[in-house]
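Reader: I'm new to this one and would like to know how the labels get decided. Could you take me through it?

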Amino acid sequence: MSLPNPFVQGWQQRLASLRGEIAQVPAHVHSGRIVRATGLVLEAVGLSIPLGGACRIETQVAQPGQGLGAEYAEAQVVGFAADTLYLMPLEEIGDLQPGARVLPLDERQTGGAATRQFPLGPALMGRVLDSRGEPLDGKGALADVRHSPLNTPPLNPLKRAPIDRQIDVGIRAINALLSVGRGQRLGLFAGSGVGKSVLLGMMARYTRADVIVVGLIGERGREVQDFIDNILGEEGLRRAVVVAAPADTSPLQRLQGAAYATRIAEDFRDQGQDVLLIMDSLTRYAMAQREIALAIGEPPATKGYPPSVFAKLPKLVERAGNGPPGGGSITAFYTVLSEGDDQQDPIADSARAILDGHIVLSRTLAEAGHYPAIDIEASISRAMTAIVSDSQQRKAQQFKQVLSKYQRNRDLITVGAYAAGHDPLLDRAVQLNPHLERFLQQRIQERTTLEDTLQALNQLFPGK
């Protein structure tokens, strides 16, 4: 008795479907095993993964009949020696056992390692993400996003558009005396507690830019929430993307968070938009790289920082800036923590060399209630001469000369040793100093446009 044709056809279709599924399963999966765990670094053998590649470490083996599946922790290759890979987990691993299996990020791969893909695109606007692109704000999963790896080929420096246009940051002292150009990269140098985060929040709210990307790297968790709610505010968050990698995350996540924030800014720049990138802070990024380098045995060089730290800083900073002519731009502000207000700190010194200017915040001014506490004499914008008019350049120079003259003679004036009529420039400095002080100070909720700034500067120093 023969089976009905429809029955046979159904089984044939089912078998064909199974053959297709079986064909997609690799004949074998390469895996390695953990042979040593010391501090932040795990050592694995038996697997070939390139430097920077991602992998998964099995922390719990599947138990047949108990309904328990295997659990994995993600890690990244941070170094190797002969056949031994040095891995660093993205998160702390609690149940790691000797001999735990290590697999490529995608088990379907038969060799090498997958490159993790990160979400990009306009759907990220108004969201707060971690260093892996996962939402932290409780607003649900990301939708309608593209995915791309973090690393991009460097731009040809000769193909970049020049910095030739001033942008309005909404802060009078910066607009007038430390003018910022479209595509410029500046450092904000400050010790702890002198108002750098508040100043960054003002620039985030008031700067004229299409998109704001904020990278909060290595900051305290409480400060992340405070920056988003009270400093950035609802208005600022609406046109911003925030990437947070707080101090309690692994050093690898802090490095990745800074790279991801920069990658988001690059993507918007490639779409022809003007981006403001705020990175708080570049020092925490350097410290994260120091932790990794020391953990894998790199010798310390300058004040405990291994050479790889100073190699990574310019690679991150150079990704910002202008794109090709007619395209978008990334104007970047990087905060640099000066330990003990030491401007010769190795990270501060290195950052000063690779940035297009620096704004120094003074603890003395902050303690005197002068806000923003910008030390005009110690700060400079290297692009200012190319982006402002000759008139503004001359008046900014006069402003600094008069301010510097007063500061040099402040002690004499304070003790009553100053007598008018002996030094015309000092007489003028004494007369103008109250007006200069008012010009340099600005309330947190006060926005001063570029036009208002130039008008106030012209009132202080009339003429051409």
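Author: Happy to. Let's begin with pairing: two strands pair if DSSP finds at least two bridges between them. Keep in mind that this is a predicted model.

Reader: How do you know that β1 and β2 pair?

Author: Count the bridges. Strand β1 (residues 32-38) and strand β2 (residues 41-45) are joined by 5 bridges and run antiparallel. The rule asks for at least two, so β1 and β2 count as a pair. For one spot to look at, find isoleucine 34, which has alanine 44 of β2 opposite.

Reader: What makes β4 a partner of β3?

Author: The test is the bridge count again. There are 6 bridges between β3 (residues 54-60) and β4 (residues 71-81), and the two run antiparallel. With at least two needed, the pairing holds. Alanine 54 sits opposite glutamine 76 in β4.

Reader: And how do you know that β4 pairs with β5?

Author: Here too, 6 bridges link β4 to β5 (residues 84-89), in the antiparallel sense, and the rule needs at least two, so this is a pair. Phenylalanine 80 has leucine 85 in β5 as its bridge partner. The hairpin of these strands has 2 residues between them, and alanine 82 there takes a positive phi near 55°.

Reader: Which strands make up the closed barrel?

Author: The barrel has 6 strands, in the order β1-β2-β5-β4-β3-β6, with antiparallel pairing. On average, neighbouring strands of this sheet are turned by 45° against each other, direction ignored.

Reader: Let's switch to a helix. Why is α3 called largely enclosed?

Author: Because 10 of the 11 residues of α3 (residues 196-206) are buried, and buried means under 20% relative accessible area. Among them are Lys196, Leu199, Met203, Arg205 and Tyr206.

Reader: What covers the buried residues of α3?

Author: The cover includes the helices α2 (172-177) and α4 (221-238). It also includes the strands β12 (185-190), β13 (211-217), β15 (274-280) and β17 (329-337).

Reader: How many of the protein's residues count as buried overall?

Author: Of its 464 residues, 50% do, by that under 20% cut-off. The secondary structure comes to 14 helices and 19 strands.

Reader: What share of the contacts joins residues at least 24 apart?

Author: Among contacts between residues at least 6 apart in sequence, 72% do.

Note on methods:
Residues numbered from 1 in each chain as written. Predicted model: local features only at pLDDT ≥ 70, side-chain atom pairs only at ≥ 80, totals over all residues. Heavy atoms only, no water. Helix = DSSP H or I, 4+ residues; strand = E, 2+ residues; numbered from the N terminus. Buried < 20%, exposed > 50% of the residue type's maximum accessible area, 1.4 Å probe, protein only. Contact = heavy atoms within 4.5 Å. Axes fitted to C-alpha atoms, helices over the stretch in contact; angles between N-to-C directions.
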